[in-house]
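Hi there,

Here is the structure I promised to send over. Have a look at it first, and my notes follow below.

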Amino acid sequence: MPVSDPDRDSRAVVPAGRLATVWPCPPGSPARPPAGWLQAAVERLVTTHTRPGDPVLLLIQPGPDAPAGGRRGTPADRRADAGWAVARLGRRVQVRTAPAVRAVPPSGSGPGLDSADEGPDNDRSPLVVTVVDPTRTGWVRGVPWARLLTPDGLLAVITRSDSVDGWLIDPTAELTAAAGRHGLALLDRFVVVEVPLNELDQPPGPLPRASVARRVHSDLLLFAAHTAVSPMSGVPR
Amino acid sequence: MTGAAPQTGRRDGRWVTVWPTGRHSIATGQASGPPPPPEGAAVSPAVAAHAITVYSRPGDTICDPDCEPGAVVTEAVHARRHAVGIATDPGRWEAARAALTRAKARGARGDGMILDRLPDRESWAGLGPVDLVLTAIGPPDPADPAGNRLRERLAIYRDLLRPGGHLVVIAAYHIAGGMDLASQVAAAGRDTGWRPVQRAVALTAVPNTRDLGIDRPTSRARAYPVHQDIIVFRPDGRRAHDPRPLDPPPARATSPHPAA
């Protein structure tokens with residue numbers, strides 16, 4: 001497979017200064033367990049879009065998401081690992097929880113992003129990273145994304161598409177709309193592979209009825225200010 | 001940060017959402033310049049073969065209603081499926097017919113034909129029950145920002161497929177109007193009576209963790225495509241059903257068709 005004429009034999013090349021749309025999961029090692037795809041993705045974001053000393057904001061989805069009984073590999077553990085990775089790369093990492101309510105509180109009291117909402121420019125980050133559950137996207141609307149970013153900053157949203165009861169649940173439209181309310185437009189959509197590539201090589205057969213394929217990737221949506229996004233795909237601004 | 005996957009239905013490690021269909025290594029840029037990126041509406045033999053293997057069985061009938069350059073029909077007949085390609089452009093028809101002839105000459109066991117238009121009431125025969133509609137969709141026509149032609153195209157496909165069959169669309173990586181093409185295809189499918197079931201990814205090159213391009217870009221350029229998006233649909237028998245309302249993207253033109 002396949003058996004028809006080959007299409008091309010040339011070596012595909014990623015041009016300098018551009019990222020490939022697929023980010024493979026790094027192979028496991030004693031220093032990095034295979035579950036480190038999220039940490040690896042955050043590291044790639046940080047190294048390609050910030051400089052040492054830059055602030056990087058990791059914004060956490062509100063709601064119950066606490067470490068569980070010392071087990072590693074929970075969502076909170078992966079978030080902590082991502083934070084450590086940012087700090088290890090020499091960036092000033094800030095980890096904050098987004099407000100659970102739709103509107104940003106007007107006062108400075110309580111947890112949330114109210115201070116960032118009204119804060120000075122030096123509170124802004126060139127890179128904001130967050131992870132969004134595709135079934136819990138409502139909180140995204142209430143975050144003043146543009147006010148968290150420097151004028152040429154980037155918002156990276158890591159999410160996924162799922163198949164639930166035979167329907168595709170894809171949060172792209174909601175996330176794009178939420179970001180668009182704050183002047184941000186979709187710049188790129190990356191595929192973050194969660195398993196080593198050699199796990200993909202099992203030869204498939206016909207998919208059994210009422211089945212769906214196992215999800216082995218997440219999506220990374222990269223947003224920038226409308227004015228920073230070229231209308232032409234593949235063309236540097 | 002991401003919780004347990006809420007996917008439902010039986011799953012197996014042989015079927016995953018990333019298709020290992022890339023046949024080329026990739027590396028950072030060279031002075032000689034890169035080949036053109038895979039942004040067009042083309043189905044490679046590897047992607048066609050994978051889709052046919054997963055979403056059909058031997059003896060099934062597969063249709064590519066926008067046949068170019070013939071990878072779907074040739075891979076189908078090699079896989080012991082029957083294939084129907086439709087190519088309205090004479091040049092495309094010739095190319096697809098030649099590819100099918102070569103496949104048969106090489107011993108392909110399935111039967112195939114290339115039509116120059118969709119059968120209608122004046123045709124002597126219809127397509128018969130089609131088990132899988134497999135086709136590629138490229139970037140939308142700039143003259144049709146609302147996506148009306150995309151909706152028309154997807155609506156026509158509904159009449160081709162037997163109940164219980166699959167429509168598998170291979171979408172080029174393309175972002176315009178505030179949305180990626182695959183998401184536009186999924187939305188258009190919902191509008192035209194299709195039920196999007198799953199999104200997947202077909203690799204068009206082999207990503208290498210050491211050579212992905214990690215230098216800080218001097219200018220912000222869009223990513224270089226090394227994949228195509230896959231959207232799997234089934235006919236929606238409950239067109240009024242929608243698991244949740246979707247917000248329209250901010251920059252996308254309003255569809256004249258109400259959402260199903």
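Predicted model: local features only at pLDDT ≥ 70, side-chain atom pairs only at ≥ 80, totals over all residues.

Let me start with one residue. His226(A) touches Gly183(A) and Ala185(A), leaving aside residues up to four places away in sequence; a contact here is a pair of C-beta atoms, placed from the backbone, within 7 Å. His226(A) sits in the segment after strand 10 (217–225) of chain A. Helices (H or I, at least four residues) and strands (E, at least two) are DSSP runs, numbered from the N terminus. His226(A) counts as partly exposed because it has 16 C-beta neighbours inside 10 Å; buried takes 20 or more other C-beta atoms within 10 Å, exposed 12 or fewer, and partly exposed is in between.

Residues are numbered from 1 along each chain as its sequence is written, and chains are lettered from A and ligands numbered from 1 in the order in which they are written.

On confidence, chain A averages a pLDDT (the predictor's confidence in each residue, from 0 to 100) of 77, and 69% of the residues score at least 70. Residues 66–72 of chain A fall below 50, and the model gives this stretch six contacts beyond near neighbours in sequence. Residues 101–119 of chain A also stay under 50, with 31 contacts beyond four places in sequence.

Now to chain B, which has five helices and 11 strands. Of its 260 residues, 50% count as buried.

Two helix pairs are worth a look. Helix 1 (residues 45–55) and helix 2 (residues 71–78) of chain B pack at about 50°, with axes 9 Å apart; axes are lines fitted to C-alpha atoms, for helices over the stretch in contact, and angles run from 0 to 180 degrees between N-to-C directions. In helix 1 of chain B, Pro45(B), Ala48(B), Ala49(B) and Ile52(B) meet Ala71(B), Val72(B), Glu75(B) and Ala76(B) in helix 2 of chain B.

The axes of helix 2 and helix 3 (residues 90–105) of chain B come within 9 Å and cross at roughly 20°. Residues meeting there include Val73(B) and Val77(B) in helix 2 of chain B, and Ala96(B) and Leu100(B) in helix 3 of chain B.

Best wishes

Conventions. Contact = placed C-beta atoms within 7 Å.
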